[in-house]
Amino acid sequence: VKDVLLTASVGKQAHQNDKKRQETPQDAEQTLQRGEALYASGHYSDAGPFLKKSANLGAPQAQYLLGSMHHFGNGLEKNYTEAVRLYRESLENGYTKALLNLAWIYATRPTEVAVDIDGDEALILALKAVEEDPSPINYDALAAVYARNSQFDKAIETEKQAISLSENKNSEFIYRLKLYEEGKPYILD
């Protein structure tokens, strides 16, 4: 019986591997595009299977989007550990947008939630995100990391930079600036 089960298990795995090998680059790209379109339209639950398939094929954008779904609980269970894993895979595959989200998870997670990122790593990630793209949102994330690390002077200065770069003087940025001026980090629930 054990031999039959083992043979069936090995056969199933071989079949799955054959299916992966048979997937053409065009099919993989179409799967990713379908997942991205569903994600962008807010149909997260429908996007999940397409993005999982693409992520398993090594698509960094899919890994990033799945990480985001776990990070924010959009269409998938909120799971910071899985979000960090997927963001790291995406980053390892060259998708630098993951820098911001890894830093953001560290900075804004609820206090009782442990993540596999420390304050030093989060700061390096956020600084690299700003270096790669000096956008308001990246400065905002850097400010959040500074605040989480209790470096409120730097958080205030950096959040002011985010506000000055923001075309519409983002009210979220202004809210966070006030928190930092009160000596409080920005923590999500």
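How many aromatic pairs does the structure hold? It holds five. Rings of Phe, Tyr and Trp (its six-membered ring) pair if their centres lie within 6.5 Å; planes under 30 degrees apart count as stacked, over 60 as edge-to-face and the rest as tilted.

This is a predicted model, where local features need pLDDT of at least 70, side-chain atom pairs count only at pLDDT 80 or more, and totals for chains, interfaces and linings use all residues. Residues are numbered from 1 along each chain as its sequence is written, and side-chain values use heavy atoms, with hydrogens and water left out.

Start with Tyr-39 and Tyr-44. Their ring centres are 5.1 Å apart and their planes stand at 75°, so this pair is edge-to-face. Tyr-39 is buried, at 17% relative accessibility. Tyr-44 is partly exposed, at 25%. Buried means under 20% relative accessible area, exposed over 50%, and partly exposed in between (1.4 Å probe, protein chains only).

Now move to Tyr-175 and Tyr-186. Here the centres are 6.2 Å apart and the planes lie at 80°, so this pair is edge-to-face. The pair links distant parts of the chain, eleven residues apart. Tyr-175 is in helix α10 (residues 171–181), and Tyr-186 is in the segment after α10. Helices (H or I, at least four residues) are DSSP runs, numbered from the N terminus. Tyr-175 is partly exposed, with 46% relative accessibility. Tyr-186 is buried, at 12%.

The charged end of Arg-176 sits over the ring of Tyr-186, 4.6 Å from its centre. That term requires NZ of Lys or CZ of Arg within 6 Å of the ring centre and within 35 degrees of the ring normal.

Finally, look at Tyr-64, Tyr-87 and Tyr-95. Ring pairs join these residues into a cluster.

Definitions and conventions: Helix = DSSP H or I, 4+ residues; strand = E, 2+ residues; numbered from the N terminus.
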